[in-house]
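Look at the fold as a whole before turning to single residues.

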Amino acid sequence: MLLASTDAPAALSTFPIIGILLAAIGAILIAFGNQEQSVGVASASSTTDASSGLSLRQLRRLFTTPRWLLGSALIGVSMLFQLSALTIAPISVVQPIGVIALVIAAAITARVTRARPNRRSLLGIALAVIGVGVFVAAAASVATSPPVTDASLLVVLGIVTAGLLAFVVLRVVAGRRPMPPLLVVVAAGVFSGFVVTLSKVVILRVRTEFEAIIRLDESNLITIGCLVGVAVSGLLSVYLAQSAHAVASSAVVVAGLTVVDPLVAVTIGMTVMGEASAAPPWAIAVFLAAGAVAVAGVVLLAQGQSSGGEPRPQE
């Protein structure tokens with residue numbers, strides 16, 4: 001039953017359809033917010049080189065740029081919808097919905113540039129929508145939200161810590177050389193995925209122990225560690241997303257985030273947090289096939305966006 005999944009005794013009740021609707025609203029807001037942030041970053045970094053990422057001066061200028069502030073407000077509201085969706089539905093159901101943002105971003109780009117989407121972009125949109133639709137339909141029917149154990153939490157924190165260390169090593173090795181635009185976009189998506197995963201972990205912990213007396217034991221210390229991880233990953237994700245806007249178009253940034261973020265979050269949710277533990281073999285096969293189709297669609301759309309669209313005829 002899609003409206004409420006309570007089959008597994010140990011799992012928390014979920015409401016996939018409501019979660020999907022909330023996530024869809026959040027994705028729409030993210031698309032418009034990213035477009036406004038892209039314009040704001042371009043304005044703040046127009047007089048200086050931002051190829052190696054935004055400087056502190058450029059970051060300060062963002063807070064006095066109206067378009068960037070509007071975009072940030074839209075993304076802030078979208079996060080409220082996203083967190084609400086994660087509260088009542090599994091990551092594997094909610095997070096893939098973000099691909100909607102890519103489709104909307106492509107439409108916004110076509111309107112701004114006055115160029116029709118080319119065939120590759122249209123094919124990419126179709127594949128992304130079909131792949132995500134099938135994936136979410138399958139996930140909504142079989143995915144659960146089991147309580148997260150301390151062992152699972154430690155694995156998640158270990159993955160996040162490894163990601164942070166890898167990023168630090170990359171920056172040290174690169175020195176003052178600018179990071180490739182694709183790497184900036186991917187890194188932003190990875191840390192955004194970490195934020196989603198850790199936020200879901202904290203939400204599950206709060207729901208599981210809502211009526212318990214708060215005490216500073218080992219379990220709660222691990223939860224506090226997750227909150228710290230949310231803060232650190234969140235700050236890095238925001239910085240890298242703004243740096244990505246400085247070196248890549250809004251459509252490419254959204255494309256990267258809508259691929260990498262769900263890949264990271266859904267993979268951890270299904271493998272570490274046990275969301276797919278009750279899924280039959282056919283569902284796993286559907287997940288893999290639908291995910292591959294969606295990723296192929298996003299890649300095609302990103303390529304189509306980077307190669308430009310077909311100019312509109314003069315009226």
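Helices (H or I, at least four residues) and strands (E, at least two) are DSSP runs, numbered from the N terminus. This is a predicted model, in which local features need pLDDT of at least 70 and side-chain atom pairs count only at pLDDT 80 or more, while totals for chains, interfaces and linings use all residues. Residues are numbered from 1 along each chain as its sequence is written, and side-chain values use heavy atoms, with hydrogens and water left out.

The protein has 11 helices and two strands. Along the sequence they follow the pattern α-α-α-α-α-β-α-α-α-α-α-α-β. Of the 315 residues in the protein, 48% are buried, where buried means under 20% relative accessible area, exposed over 50%, and partly exposed in between (1.4 Å probe, protein chains only). The accessible surface comes to about 15,100 Å², computed by the Shrake-Rupley method with a 1.4 Å probe; for residues, only the protein chains shown count as cover. Carbon and sulfur atoms hold 72% of that surface. Contact means heavy atoms within 4.5 Å. Among the contacts with a separation of 6 or more, 86% are between residues 24 or more positions apart.

Helix α5 (residues 99-113) and helix α10 (residues 250-271) pack at an angle of about 170 degrees, and their axes are 9 Å apart. That angle makes α5 roughly antiparallel to α10. Axes here are lines fitted to C-alpha atoms, for helices over the stretch in contact, and angles run from 0 to 180 degrees between N-to-C directions. Angles under 35 degrees count as roughly parallel, over 145 as roughly antiparallel, 65 to 115 as roughly perpendicular and the rest as oblique. From α5, the residues V99, A101, L102, A105 and T109 meet A251, V254, A255 and T258 of α10. By class, this contact has seven nonpolar, two polar and no charged residues. In that scheme Ala, Val, Leu, Ile, Met, Phe, Trp, Tyr, Cys and Pro count as nonpolar, Asp, Glu, Lys and Arg as charged, and the others, Gly among them, as polar.

N34 lies in helix α1 (residues 16-44) and counts as buried at 4% relative accessibility. N34 and L74 are 40 residues apart in sequence, with their C-alpha atoms 8.6 Å apart in space.

Helix α10 also holds G269, which is buried with a relative accessible area of 0%. Residues up to four places away in sequence aside, G269 touches G274 and E275. The C-alpha atoms of G269 and S92 are 6.7 Å apart, although 177 residues separate the two in sequence.

The next topic is the aromatic rings. How many aromatic pairs does the structure hold? There are four. Rings of Phe, Tyr and Trp (its six-membered ring) pair if their centres lie within 6.5 Å; planes under 30 degrees apart count as stacked, over 60 as edge-to-face and the rest as tilted. In one of the pairs, the rings of F167 and F191 have their centres 5.7 Å apart and their planes at 85 degrees, so the pair is edge-to-face. This pair links distant parts of the chain, with F167 in helix α7 (residues 150-174) and F191 in helix α8 (residues 181-208), 24 residues apart. Both F167 and F191 are buried. F191 also pairs with F194, again edge-to-face, at 5.7 Å centre to centre and 85 degrees between the planes. F191 and F194 lie three residues apart in helix α8, about one turn of the helix, and F194 is buried too.

Apart from neighbours within four places in sequence, S237 is in contact with A188, F191 and S192. V230 is also in helix α9, but is partly exposed, with a relative accessible area of 21%. V230 touches V195, L198 and S199, not counting residues up to four places away in sequence. V230 and F191 are 39 residues apart in sequence and 9.2 Å apart in space, C-alpha to C-alpha.
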